[in-house]
Amino acid sequence: MQVMASRILSNLLYVSSSSASATKRCLGLCSRWHRSISGIGASAAADVEPSIPPVQIDHSQLLIDGQFVDAASGKTFPTFDPRTGDIIANVAEGDAEDVNRAVQAARKAFDEGPWPKMTAYERSRVILRFADLLEKHNDEVAAIETWDSGKTYEQAANVEIPMVIRVFRYYAGWADKIHGLTVQADGPHHVQTLHEPIGVAGQIVPWNFPLLIYSWKVAPALACGNTVVLKTAEQTPLSALYVSKLFLEAGLPPGVLNVITGFGPTAGAALCSHMDVDKLAFTGSSRTGKVVLELSAHSNLKPVTLELGGKSPFIVCKDADVDAAVEAAHSALFFNQGQCCCAGSRTFVHESIYDEFVEKAKARALKRVVGDPFKNGVEQGPQIDSVQFEKIMKYIRSGIEGGATLESGGERIGSKGYYIQPTVFSNVQDSMLIAKDEIFGPVQSILKFKDLEEVIRRANATSYGLAAGVFTQNMDTANTLMRALRVGTVWINCYDVFDAAIPFGGYKMSGQGRVRGIYSLSSYLQVKAAVTALKNPAWL
(Lines give C-alpha, C1' and ligand atoms only; values in the text may rest on other atoms or scores of the structure.)
Protein backbone atom coordinates (compact mmCIF):
# COMPACT_ATOMS: atom_id res chain seq x y z
CA MET A 1 0.00 0.00 0.00
CA GLN A 2 2.78 2.44 0.88
CA VAL A 3 4.60 1.91 -2.41
CA MET A 4 1.36 2.51 -4.28
CA ALA A 5 0.64 5.68 -2.31
CA SER A 6 4.18 6.89 -2.80
CA ARG A 7 3.71 6.59 -6.55
CA ILE A 8 0.40 8.40 -6.35
CA LEU A 9 1.81 11.24 -4.29
CA SER A 10 4.97 11.64 -6.30
CA ASN A 11 2.85 11.92 -9.44
CA LEU A 12 -0.09 13.66 -7.78
CA LEU A 13 -2.26 15.20 -10.44
CA TYR A 14 0.53 14.70 -12.98
CA VAL A 15 -0.78 15.50 -16.41
CA SER A 16 1.00 14.84 -19.68
CA SER A 17 0.86 17.82 -21.99
CA SER A 18 0.56 15.57 -24.99
CA SER A 19 -2.85 13.98 -24.63
CA ALA A 20 -6.04 13.71 -22.62
CA SER A 21 -5.69 9.94 -22.55
CA ALA A 22 -2.40 10.31 -20.70
CA THR A 23 -4.26 12.53 -18.25
CA LYS A 24 -6.64 9.71 -17.43
CA ARG A 25 -3.75 7.32 -16.89
CA CYS A 26 -1.60 9.60 -14.75
CA LEU A 27 -3.88 11.96 -12.88
CA GLY A 28 -2.64 10.56 -9.63
CA LEU A 29 -4.53 11.13 -6.43
CA CYS A 30 -8.01 11.62 -7.82
CA SER A 31 -7.90 8.91 -10.45
CA ARG A 32 -8.56 6.22 -7.84
CA TRP A 33 -12.18 7.11 -7.60
CA HIS A 34 -12.73 8.92 -10.91
CA ARG A 35 -12.94 5.55 -12.66
CA SER A 36 -15.94 4.49 -10.61
CA ILE A 37 -18.10 7.61 -10.86
CA SER A 38 -18.57 8.25 -14.56
CA GLY A 39 -22.02 9.64 -15.24
CA ILE A 40 -23.08 10.00 -11.60
CA GLY A 41 -24.40 13.45 -10.75
CA ALA A 42 -23.11 15.87 -8.15
CA SER A 43 -26.23 15.62 -6.01
CA ALA A 44 -25.69 11.95 -5.19
CA ALA A 45 -26.84 10.55 -1.89
CA ALA A 46 -26.15 13.33 0.61
CA ASP A 47 -29.47 12.63 2.34
CA VAL A 48 -29.06 8.85 2.44
CA GLU A 49 -28.56 7.44 5.93
CA PRO A 50 -24.81 7.74 6.63
CA SER A 51 -22.63 4.68 6.99
CA ILE A 52 -21.58 3.50 10.44
CA PRO A 53 -17.83 4.13 10.71
CA PRO A 54 -15.85 0.87 11.14
CA VAL A 55 -13.98 2.11 14.21
CA GLN A 56 -14.61 3.10 17.80
CA ILE A 57 -13.21 6.07 19.68
CA ASP A 58 -10.96 4.91 22.52
CA HIS A 59 -8.95 8.06 23.23
CA SER A 60 -10.52 11.42 24.06
CA GLN A 61 -8.29 12.62 26.90
CA LEU A 62 -5.15 14.76 26.87
CA LEU A 63 -1.82 13.00 26.42
CA ILE A 64 0.62 14.39 29.00
CA ASP A 65 3.85 12.74 30.13
CA GLY A 66 2.94 9.40 28.59
CA GLN A 67 -0.52 9.18 30.17
CA PHE A 68 -4.02 9.93 28.93
CA VAL A 69 -5.56 12.28 31.49
CA ASP A 70 -8.58 14.51 31.93
CA ALA A 71 -8.29 18.28 31.66
CA ALA A 72 -7.46 19.91 34.99
CA SER A 73 -10.82 21.71 34.84
CA GLY A 74 -12.67 18.48 34.11
CA LYS A 75 -14.28 20.19 31.11
CA THR A 76 -14.95 18.49 27.79
CA PHE A 77 -16.20 19.67 24.42
CA PRO A 78 -17.92 17.82 21.58
CA THR A 79 -16.38 16.92 18.26
CA PHE A 80 -18.95 16.56 15.48
CA ASP A 81 -19.59 14.34 12.48
CA PRO A 82 -19.67 16.72 9.45
CA ARG A 83 -22.00 14.30 7.65
CA THR A 84 -24.80 14.89 10.14
CA GLY A 85 -23.77 17.45 12.72
CA ASP A 86 -24.12 14.76 15.40
CA ILE A 87 -21.63 14.39 18.25
CA ILE A 88 -18.92 11.75 17.75
CA ALA A 89 -17.31 12.08 21.17
CA ASN A 90 -16.72 14.49 24.03
CA VAL A 91 -13.06 15.40 24.25
CA ALA A 92 -11.01 16.85 27.11
CA GLU A 93 -10.93 20.65 26.92
CA GLY A 94 -7.36 21.60 27.69
CA ASP A 95 -6.52 25.13 28.78
CA ALA A 96 -3.55 27.09 30.13
CA GLU A 97 -3.08 24.83 33.17
CA ASP A 98 -2.98 21.72 30.98
CA VAL A 99 -0.58 23.36 28.53
CA ASN A 100 1.68 24.20 31.46
CA ARG A 101 1.62 20.57 32.64
CA ALA A 102 2.44 19.39 29.12
CA VAL A 103 5.29 21.88 28.71
CA GLN A 104 6.73 20.87 32.07
CA ALA A 105 6.64 17.23 30.98
CA ALA A 106 8.29 18.07 27.66
CA ARG A 107 10.93 20.19 29.38
CA LYS A 108 11.78 17.44 31.85
CA ALA A 109 11.92 14.88 29.01
CA PHE A 110 14.31 17.15 27.11
CA ASP A 111 16.53 18.20 30.03
CA GLU A 112 16.60 14.94 31.98
CA GLY A 113 15.06 12.20 29.84
CA PRO A 114 16.68 9.75 27.46
CA TRP A 115 15.36 11.09 24.14
CA PRO A 116 17.94 13.76 23.24
CA LYS A 117 20.67 11.63 24.85
CA MET A 118 19.88 8.58 22.74
CA THR A 119 22.03 7.93 19.73
CA ALA A 120 20.43 9.25 16.59
CA TYR A 121 20.22 5.69 15.34
CA GLU A 122 18.17 4.67 18.40
CA ARG A 123 15.81 7.59 17.84
CA SER A 124 15.39 6.60 14.21
CA ARG A 125 14.46 3.05 15.23
CA VAL A 126 11.68 4.33 17.51
CA ILE A 127 10.29 6.46 14.70
CA LEU A 128 10.48 3.53 12.29
CA ARG A 129 8.64 1.26 14.74
CA PHE A 130 5.93 3.90 14.98
CA ALA A 131 5.65 4.02 11.18
CA ASP A 132 5.27 0.23 11.12
CA LEU A 133 2.48 0.38 13.72
CA LEU A 134 0.74 3.14 11.81
CA GLU A 135 0.90 1.03 8.66
CA LYS A 136 -0.62 -1.88 10.58
CA HIS A 137 -3.49 0.36 11.77
CA ASN A 138 -3.87 2.24 8.48
CA ASP A 139 -7.57 1.52 8.01
CA GLU A 140 -8.65 2.37 11.57
CA VAL A 141 -6.73 5.64 11.48
CA ALA A 142 -8.22 6.53 8.09
CA ALA A 143 -11.72 5.82 9.40
CA ILE A 144 -11.21 8.17 12.35
CA GLU A 145 -9.82 10.85 10.03
CA THR A 146 -12.82 10.54 7.71
CA TRP A 147 -15.36 10.48 10.54
CA ASP A 148 -13.94 13.58 12.22
CA SER A 149 -13.09 15.68 9.13
CA GLY A 150 -15.46 14.60 6.34
CA LYS A 151 -12.70 13.79 3.84
CA THR A 152 -13.33 10.69 1.74
CA TYR A 153 -12.21 7.38 3.20
CA GLU A 154 -10.51 6.44 -0.08
CA GLN A 155 -8.43 9.61 0.11
CA ALA A 156 -7.53 9.04 3.76
CA ALA A 157 -6.81 5.31 3.54
CA ASN A 158 -5.10 5.11 0.16
CA VAL A 159 -3.23 8.39 0.05
CA GLU A 160 -2.99 10.45 3.22
CA ILE A 161 -2.18 7.86 5.87
CA PRO A 162 0.41 6.13 3.64
CA MET A 163 1.92 9.58 3.07
CA VAL A 164 2.06 10.15 6.84
CA ILE A 165 3.92 6.84 7.15
CA ARG A 166 6.31 7.89 4.38
CA VAL A 167 7.06 11.22 6.08
CA PHE A 168 7.97 9.54 9.36
CA ARG A 169 10.19 7.02 7.59
CA TYR A 170 11.82 9.83 5.64
CA TYR A 171 12.75 11.76 8.79
CA ALA A 172 13.77 8.59 10.62
CA GLY A 173 16.34 8.29 7.87
CA TRP A 174 17.58 11.82 8.55
CA ALA A 175 18.03 11.32 12.31
CA ASP A 176 21.61 9.99 12.10
CA LYS A 177 22.67 12.24 9.24
CA ILE A 178 22.37 15.56 11.06
CA HIS A 179 25.84 16.97 11.72
CA GLY A 180 27.84 20.16 11.80
CA LEU A 181 30.90 21.32 9.93
CA THR A 182 34.58 21.90 10.49
CA VAL A 183 35.32 25.51 9.58
CA GLN A 184 38.65 26.89 8.41
CA ALA A 185 39.48 30.04 10.40
CA ASP A 186 42.15 32.72 9.91
CA GLY A 187 44.41 31.80 12.81
CA PRO A 188 45.47 29.02 15.18
CA HIS A 189 41.99 27.82 16.11
CA HIS A 190 40.01 24.67 15.58
CA VAL A 191 36.44 25.68 14.67
CA GLN A 192 33.46 23.38 14.41
CA THR A 193 29.72 23.86 14.32
CA LEU A 194 27.31 21.76 16.34
CA HIS A 195 23.72 21.22 15.26
CA GLU A 196 21.77 20.87 18.49
CA PRO A 197 18.07 20.19 19.11
CA ILE A 198 16.25 23.42 19.87
CA GLY A 199 14.36 22.07 22.90
CA VAL A 200 10.60 22.07 23.49
CA ALA A 201 8.64 22.61 20.26
CA GLY A 202 5.08 23.91 20.45
CA GLN A 203 3.06 22.84 17.41
CA ILE A 204 -0.46 23.72 16.28
CA VAL A 205 -2.10 21.74 13.47
CA PRO A 206 -5.23 22.59 11.42
CA TRP A 207 -8.42 20.66 10.73
CA ASN A 208 -8.19 20.16 6.97
CA PHE A 209 -5.27 17.68 7.00
CA PRO A 210 -4.97 16.77 10.69
CA LEU A 211 -2.57 13.83 10.45
CA LEU A 212 -0.68 14.82 7.33
CA ILE A 213 0.38 18.11 8.92
CA TYR A 214 0.94 16.32 12.25
CA SER A 215 3.58 14.31 10.40
CA TRP A 216 5.14 17.41 8.80
CA LYS A 217 5.66 18.90 12.25
CA VAL A 218 6.24 16.01 14.64
CA ALA A 219 8.56 13.92 12.44
CA PRO A 220 11.37 16.47 11.91
CA ALA A 221 11.12 17.71 15.49
CA LEU A 222 11.61 14.22 16.92
CA ALA A 223 14.29 13.27 14.41
CA CYS A 224 16.34 16.24 15.61
CA GLY A 225 16.01 15.16 19.25
CA ASN A 226 13.41 17.67 20.44
CA THR A 227 10.34 17.16 22.59
CA VAL A 228 6.88 18.30 21.51
CA VAL A 229 3.66 19.78 22.82
CA LEU A 230 1.11 19.57 20.03
CA LYS A 231 -2.30 21.24 20.02
CA THR A 232 -4.90 19.75 17.70
CA ALA A 233 -7.61 21.69 15.92
CA GLU A 234 -10.77 21.68 18.02
CA GLN A 235 -12.74 20.38 15.03
CA THR A 236 -10.54 17.30 14.49
CA PRO A 237 -8.86 16.12 17.70
CA LEU A 238 -9.35 12.37 17.44
CA SER A 239 -6.78 11.02 15.00
CA ALA A 240 -3.80 12.70 16.67
CA LEU A 241 -4.72 11.09 19.99
CA TYR A 242 -5.02 7.66 18.36
CA VAL A 243 -1.69 7.74 16.55
CA SER A 244 0.16 9.28 19.50
CA LYS A 245 -0.84 6.21 21.52
CA LEU A 246 0.93 4.17 18.82
CA PHE A 247 4.03 6.27 19.38
CA LEU A 248 4.07 5.21 23.03
CA GLU A 249 3.73 1.58 21.95
CA ALA A 250 6.72 2.09 19.66
CA GLY A 251 8.87 3.01 22.66
CA LEU A 252 8.76 6.82 22.66
CA PRO A 253 9.70 7.89 26.21
CA PRO A 254 7.05 9.65 28.35
CA GLY A 255 6.91 13.41 27.90
CA VAL A 256 8.56 13.46 24.49
CA LEU A 257 5.23 13.87 22.69
CA ASN A 258 2.30 15.54 24.47
CA VAL A 259 -1.07 16.26 22.84
CA ILE A 260 -3.48 18.95 24.02
CA THR A 261 -7.03 19.15 22.70
CA GLY A 262 -8.78 22.47 23.19
CA PHE A 263 -9.49 25.86 21.71
CA GLY A 264 -7.22 28.46 20.16
CA PRO A 265 -7.91 31.44 22.45
CA THR A 266 -7.19 29.32 25.53
CA ALA A 267 -4.93 26.33 24.89
CA GLY A 268 -3.40 27.70 21.68
CA ALA A 269 -2.65 31.11 23.16
CA ALA A 270 -1.16 29.54 26.27
CA LEU A 271 1.18 27.41 24.17
CA CYS A 272 2.30 30.36 22.04
CA SER A 273 2.88 32.54 25.13
CA HIS A 274 4.65 29.96 27.26
CA MET A 275 8.08 31.08 28.40
CA ASP A 276 9.46 27.55 28.43
CA VAL A 277 8.57 26.72 24.81
CA ASP A 278 11.62 27.13 22.58
CA LYS A 279 10.03 27.05 19.13
CA LEU A 280 6.57 27.32 17.54
CA ALA A 281 5.21 25.78 14.34
CA PHE A 282 1.73 26.80 13.21
CA THR A 283 -0.43 25.92 10.22
CA GLY A 284 -3.67 27.82 9.72
CA SER A 285 -5.03 31.15 8.55
CA SER A 286 -2.88 34.21 7.94
CA ARG A 287 -4.96 36.14 10.45
CA THR A 288 -4.23 33.64 13.23
CA GLY A 289 -0.61 33.43 12.12
CA LYS A 290 -0.21 37.11 12.99
CA VAL A 291 -1.56 36.41 16.47
CA VAL A 292 0.91 33.55 16.89
CA LEU A 293 3.78 35.89 15.97
CA GLU A 294 2.55 38.54 18.39
CA LEU A 295 2.30 36.08 21.26
CA SER A 296 5.79 34.82 20.54
CA ALA A 297 7.16 38.37 20.48
CA HIS A 298 5.41 39.31 23.71
CA SER A 299 6.77 36.25 25.52
CA ASN A 300 10.28 34.94 24.87
CA LEU A 301 10.81 35.70 21.18
CA LYS A 302 10.71 32.02 20.32
CA PRO A 303 11.28 31.38 16.58
CA VAL A 304 8.11 30.66 14.60
CA THR A 305 7.46 28.65 11.45
CA LEU A 306 4.20 29.58 9.73
CA GLU A 307 2.37 27.75 6.92
CA LEU A 308 -0.61 29.95 6.18
CA GLY A 309 -3.30 30.65 3.62
CA GLY A 310 -3.25 31.10 -0.13
CA LYS A 311 -5.11 32.26 -3.20
CA SER A 312 -3.11 30.30 -5.70
CA PRO A 313 -3.27 31.02 -9.44
CA PHE A 314 -3.74 28.15 -11.88
CA ILE A 315 -2.63 29.48 -15.27
CA VAL A 316 -3.80 27.77 -18.46
CA CYS A 317 -1.88 29.06 -21.47
CA LYS A 318 -3.20 29.14 -25.03
CA ASP A 319 -1.14 26.10 -26.10
CA ALA A 320 -2.25 23.90 -23.19
CA ASP A 321 -4.03 20.58 -23.63
CA VAL A 322 -7.48 21.83 -22.63
CA ASP A 323 -8.88 18.51 -21.49
CA ALA A 324 -5.84 17.85 -19.33
CA ALA A 325 -5.93 21.35 -17.89
CA VAL A 326 -9.65 21.15 -17.10
CA GLU A 327 -9.20 17.94 -15.15
CA ALA A 328 -6.15 19.18 -13.27
CA ALA A 329 -7.73 22.54 -12.48
CA HIS A 330 -10.83 20.74 -11.23
CA SER A 331 -8.80 18.59 -8.88
CA ALA A 332 -6.58 21.51 -7.84
CA LEU A 333 -9.66 23.35 -6.57
CA PHE A 334 -12.12 20.69 -5.42
CA PHE A 335 -9.66 18.29 -3.77
CA ASN A 336 -10.48 17.80 -0.06
CA GLN A 337 -13.80 19.67 -0.49
CA GLY A 338 -11.81 22.75 -1.55
CA GLN A 339 -10.42 22.95 1.97
CA CYS A 340 -6.77 23.18 0.97
CA CYS A 341 -4.42 26.10 1.64
CA CYS A 342 -2.76 25.70 -1.77
CA ALA A 343 -5.99 25.14 -3.74
CA GLY A 344 -5.78 26.50 -7.28
CA SER A 345 -8.56 28.95 -6.51
CA ARG A 346 -7.92 31.51 -9.28
CA THR A 347 -8.12 29.70 -12.60
CA PHE A 348 -6.63 32.05 -15.24
CA VAL A 349 -7.41 30.87 -18.79
CA HIS A 350 -6.15 32.41 -22.02
CA GLU A 351 -8.89 34.20 -23.94
CA SER A 352 -8.44 32.03 -27.06
CA ILE A 353 -9.53 28.86 -25.21
CA TYR A 354 -11.63 30.45 -22.45
CA ASP A 355 -15.10 29.48 -23.66
CA GLU A 356 -14.11 25.88 -24.36
CA PHE A 357 -12.47 25.61 -20.96
CA VAL A 358 -15.49 27.02 -19.11
CA GLU A 359 -17.90 24.60 -20.78
CA LYS A 360 -15.72 21.61 -19.97
CA ALA A 361 -15.07 22.79 -16.41
CA LYS A 362 -18.82 23.14 -15.89
CA ALA A 363 -19.45 19.63 -17.28
CA ARG A 364 -16.77 18.16 -15.01
CA ALA A 365 -18.20 19.86 -11.93
CA LEU A 366 -21.67 18.53 -12.73
CA LYS A 367 -20.26 14.98 -12.75
CA ARG A 368 -18.52 15.31 -9.41
CA VAL A 369 -19.96 12.88 -6.85
CA VAL A 370 -20.85 14.38 -3.49
CA GLY A 371 -22.01 12.17 -0.64
CA ASP A 372 -21.13 10.09 2.41
CA PRO A 373 -17.31 10.04 2.40
CA PHE A 374 -17.28 6.42 3.62
CA LYS A 375 -18.98 5.21 0.43
CA ASN A 376 -16.99 3.97 -2.56
CA GLY A 377 -16.82 6.31 -5.54
CA VAL A 378 -17.62 9.49 -3.61
CA GLU A 379 -15.27 12.32 -4.56
CA GLN A 380 -16.47 15.04 -2.19
CA GLY A 381 -17.69 14.83 1.37
CA PRO A 382 -19.14 17.54 3.60
CA GLN A 383 -17.43 20.74 4.67
CA ILE A 384 -15.92 20.60 8.13
CA ASP A 385 -18.66 22.37 10.14
CA SER A 386 -21.51 24.86 10.08
CA VAL A 387 -19.18 27.85 10.38
CA GLN A 388 -17.20 26.92 7.28
CA PHE A 389 -20.39 25.93 5.46
CA GLU A 390 -21.98 29.35 6.05
CA LYS A 391 -18.78 31.15 5.09
CA ILE A 392 -18.66 29.35 1.73
CA MET A 393 -22.33 30.02 1.02
CA LYS A 394 -21.75 33.70 1.78
CA TYR A 395 -18.99 33.82 -0.83
CA ILE A 396 -21.20 32.07 -3.38
CA ARG A 397 -23.88 34.73 -2.82
CA SER A 398 -21.20 37.40 -3.14
CA GLY A 399 -20.10 36.01 -6.50
CA ILE A 400 -23.66 36.06 -7.84
CA GLU A 401 -24.37 39.55 -6.52
CA GLY A 402 -21.03 40.82 -7.82
CA GLY A 403 -21.87 39.90 -11.40
CA ALA A 404 -19.95 36.67 -11.98
CA THR A 405 -21.72 34.02 -14.04
CA LEU A 406 -22.80 30.99 -12.01
CA GLU A 407 -22.12 28.10 -14.36
CA SER A 408 -22.97 25.27 -11.95
CA GLY A 409 -23.70 24.53 -8.31
CA GLY A 410 -24.19 27.24 -5.76
CA GLU A 411 -26.61 25.37 -3.50
CA ARG A 412 -26.63 23.15 -0.47
CA ILE A 413 -27.04 19.40 -1.01
CA GLY A 414 -29.46 17.63 1.28
CA SER A 415 -30.97 18.80 4.52
CA LYS A 416 -28.39 17.55 7.03
CA GLY A 417 -24.67 17.71 7.19
CA TYR A 418 -22.58 20.34 5.43
CA TYR A 419 -22.63 19.33 1.78
CA ILE A 420 -22.27 21.96 -0.98
CA GLN A 421 -22.66 21.52 -4.72
CA PRO A 422 -19.40 21.86 -6.70
CA THR A 423 -19.66 25.46 -7.85
CA VAL A 424 -18.14 27.09 -10.93
CA PHE A 425 -18.10 30.81 -11.72
CA SER A 426 -17.03 32.33 -15.03
CA ASN A 427 -16.53 35.98 -16.00
CA VAL A 428 -14.86 36.56 -12.66
CA GLN A 429 -13.08 39.88 -12.18
CA ASP A 430 -10.03 40.49 -9.99
CA SER A 431 -11.94 42.95 -7.82
CA MET A 432 -14.56 40.38 -6.73
CA LEU A 433 -14.33 38.83 -3.28
CA ILE A 434 -14.37 35.34 -4.77
CA ALA A 435 -11.18 36.26 -6.66
CA LYS A 436 -9.46 37.92 -3.69
CA ASP A 437 -10.36 36.03 -0.52
CA GLU A 438 -9.44 32.51 0.52
CA ILE A 439 -12.84 30.77 0.38
CA PHE A 440 -11.63 27.32 1.49
CA GLY A 441 -14.48 25.53 -0.23
CA PRO A 442 -15.67 23.97 -3.51
CA VAL A 443 -15.91 27.20 -5.50
CA GLN A 444 -13.96 27.55 -8.75
CA SER A 445 -13.42 31.05 -10.16
CA ILE A 446 -12.40 31.19 -13.83
CA LEU A 447 -10.76 34.40 -15.07
CA LYS A 448 -9.69 35.42 -18.58
CA PHE A 449 -6.27 36.80 -19.61
CA LYS A 450 -4.65 38.00 -22.84
CA ASP A 451 -0.87 37.61 -22.50
CA LEU A 452 1.90 36.52 -20.14
CA GLU A 453 2.79 39.99 -18.91
CA GLU A 454 -0.82 40.57 -17.89
CA VAL A 455 -1.32 37.23 -16.14
CA ILE A 456 1.97 37.53 -14.23
CA ARG A 457 0.95 40.94 -12.92
CA ARG A 458 -2.53 39.77 -11.94
CA ALA A 459 -1.37 36.48 -10.46
CA ASN A 460 1.10 38.31 -8.20
CA ALA A 461 -1.41 41.01 -7.20
CA THR A 462 -2.34 39.31 -3.93
CA SER A 463 -1.13 39.31 -0.36
CA TYR A 464 -0.65 35.54 -0.63
CA GLY A 465 2.16 33.56 -2.24
CA LEU A 466 1.81 29.90 -1.43
CA ALA A 467 1.62 28.05 -4.75
CA ALA A 468 0.78 28.23 -8.45
CA GLY A 469 0.01 25.94 -11.34
CA VAL A 470 1.08 26.43 -14.96
CA PHE A 471 -0.23 24.51 -17.96
CA THR A 472 1.69 24.96 -21.19
CA GLN A 473 3.56 22.89 -23.78
CA ASN A 474 6.18 25.62 -24.25
CA MET A 475 9.16 25.31 -21.90
CA ASP A 476 10.15 28.94 -22.45
CA THR A 477 6.71 29.96 -21.23
CA ALA A 478 6.98 27.57 -18.30
CA ASN A 479 10.40 28.92 -17.32
CA THR A 480 9.22 32.51 -17.60
CA LEU A 481 6.27 31.87 -15.29
CA MET A 482 8.27 29.67 -12.91
CA ARG A 483 10.60 32.56 -12.14
CA ALA A 484 8.09 35.40 -12.28
CA LEU A 485 5.44 34.01 -9.92
CA ARG A 486 6.10 35.04 -6.31
CA VAL A 487 5.09 31.79 -4.65
CA GLY A 488 6.76 28.98 -2.71
CA THR A 489 5.83 26.19 -5.13
CA VAL A 490 5.16 26.19 -8.88
CA TRP A 491 3.65 23.05 -10.38
CA ILE A 492 4.10 22.79 -14.16
CA ASN A 493 1.64 20.57 -16.03
CA CYS A 494 0.65 19.04 -12.69
CA TYR A 495 -0.70 20.17 -9.34
CA ASP A 496 -0.59 19.17 -5.68
CA VAL A 497 2.51 17.02 -6.11
CA PHE A 498 3.49 16.35 -2.49
CA ASP A 499 6.43 14.27 -1.41
CA ALA A 500 8.26 13.91 1.89
CA ALA A 501 11.41 15.37 0.31
CA ILE A 502 9.82 18.38 -1.42
CA PRO A 503 9.86 21.59 0.69
CA PHE A 504 6.60 23.48 1.08
CA GLY A 505 5.90 27.01 2.28
CA GLY A 506 4.96 30.46 1.10
CA TYR A 507 5.98 33.98 0.22
CA LYS A 508 4.35 37.10 1.66
CA MET A 509 1.37 36.41 3.96
CA SER A 510 1.40 32.72 3.11
CA GLY A 511 3.97 32.12 5.82
CA GLN A 512 7.61 31.89 6.75
CA GLY A 513 9.96 28.92 6.80
CA ARG A 514 9.49 25.60 5.07
CA VAL A 515 8.02 22.23 6.01
CA ARG A 516 9.08 18.85 4.61
CA GLY A 517 12.38 17.89 3.11
CA ILE A 518 15.82 18.82 4.38
CA TYR A 519 14.77 22.45 4.81
CA SER A 520 12.44 21.61 7.66
CA LEU A 521 15.26 20.27 9.83
CA SER A 522 16.85 23.70 10.30
CA SER A 523 13.68 24.88 12.04
CA TYR A 524 14.28 22.40 14.85
CA LEU A 525 18.04 22.89 15.30
CA GLN A 526 20.31 25.45 16.89
CA VAL A 527 23.73 26.04 15.33
CA LYS A 528 26.55 26.50 17.83
CA ALA A 529 30.08 27.53 16.94
CA ALA A 530 32.78 25.88 19.08
CA VAL A 531 36.23 27.48 18.85
CA THR A 532 39.32 25.89 20.45
CA ALA A 533 42.73 27.55 20.58
CA LEU A 534 45.53 25.49 19.03
CA LYS A 535 49.05 25.46 20.46
CA ASN A 536 51.82 24.94 17.96
CA PRO A 537 49.53 23.34 15.32
CA ALA A 538 51.25 21.16 12.70
CA TRP A 539 49.00 22.78 10.08
CA LEU A 540 46.17 25.28 9.75
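**View 1. The open sheet has seven strands in the order S14-S17-S18-S13-S12-S19-S20, with mixed pairing.** Two strands count as paired if DSSP finds at least two bridges between them. The edge strands are strand S14 (405-408) and S20, each of which pairs on one side only. From one strand to the next, the twist averages 25°. The model is predicted: local features need pLDDT of at least 70 and side-chain atom pairs count only at pLDDT 80 or more, while totals for chains, interfaces and linings use all residues. Residues are numbered from 1 along each chain as its sequence is written, and side-chain values use heavy atoms, with hydrogens and water left out. Helices (H or I, at least four residues) and strands (E, at least two) are DSSP runs, numbered from the N terminus.

View 2. Strands S17 and S18 (residues 443-449) run parallel and are joined by three bridges. Valine 424 has glutamine 444 as its bridge partner in S18. Contact here means heavy atoms within 4.5 Å. Axes are lines fitted to C-alpha atoms, for helices over the stretch in contact, and angles run from 0 to 180 degrees between N-to-C directions.

**View 3. Strand S20 (residues 489-492) has side chains that alternate between two faces.** Buried means under 20% relative accessible area, exposed over 50%, and partly exposed in between (1.4 Å probe, protein chains only). Strand S19 (residues 467-471) runs parallel to S20, and four bridges join the two. Threonine 489 in S20 is the bridge partner of alanine 467. From S19 the chain passes through helix H17 (residues 475-484) to S20 in a right-handed β-α-β crossover. A crossover is right-handed if, with the strands pointing away from the viewer, the path from the first strand over the helix to the second runs clockwise.

**View 4. Strand S8 (residues 227-231) is mostly covered, with five of its five residues buried.** Thr227, Val229 and Lys231 point one way from S8, and Val228 and Leu230 point the other way. Strand S7 (residues 200-204) pairs with S8 in the parallel sense over five bridges, and valine 200 has threonine 227 as its bridge partner in S8. Together S7, helix H8 (residues 210-223) and S8 form a right-handed β-α-β unit. S8 also pairs in the parallel sense with strand S9 (residues 257-260), over four bridges. Lysine 231 stands opposite isoleucine 260 in S9. The chain goes from S8 through helix H9 (residues 238-249) to S9, again as a right-handed β-α-β crossover.

**View 5. Lysine 231 and glutamate 234 form a salt bridge through their side chains (3.5 Å, N to O).** A salt bridge is a side-chain nitrogen of Lys or Arg within 4 Å of a carboxyl oxygen of Asp or Glu. Lysine 231 is buried, at 4% relative accessible area, while glutamate 234 is partly exposed at 24%. The whole structure holds 21 salt bridges. Among the residues involved, Arg107, Asp111, Asp276 and Asp278 are linked in a network.

**View 6. Lysine 360 and aspartate 323 form a salt bridge, with their closest N and O atoms 2.7 Å apart.** Lysine 360 lies in helix H13 (residues 354-367) and aspartate 323 in helix H12 (residues 322-334), so the pair ties together parts 37 residues apart in sequence. Lysine 360 is partly exposed at 31% relative accessible area, and aspartate 323 is partly exposed at 36%.

**View 7. Phe168, Tyr214 and Phe357 touch the most other members of the largest nonpolar core, which has 107 residues.** A nonpolar core is a set of buried Ala, Val, Leu, Ile, Met, Phe, Trp, Tyr and Cys residues joined through side-chain atoms within 4.5 Å. Helix H7 (residues 153-174) gives the most to this core, with 11 residues. Not counting residues up to four places away in sequence, phenylalanine 357 touches Val316, Val322, Ala325, Val326, Ala329, Thr347, Val349 and Ile446. A second, separate core of 28 residues includes Met432, Ala435, Phe449 and Leu481.
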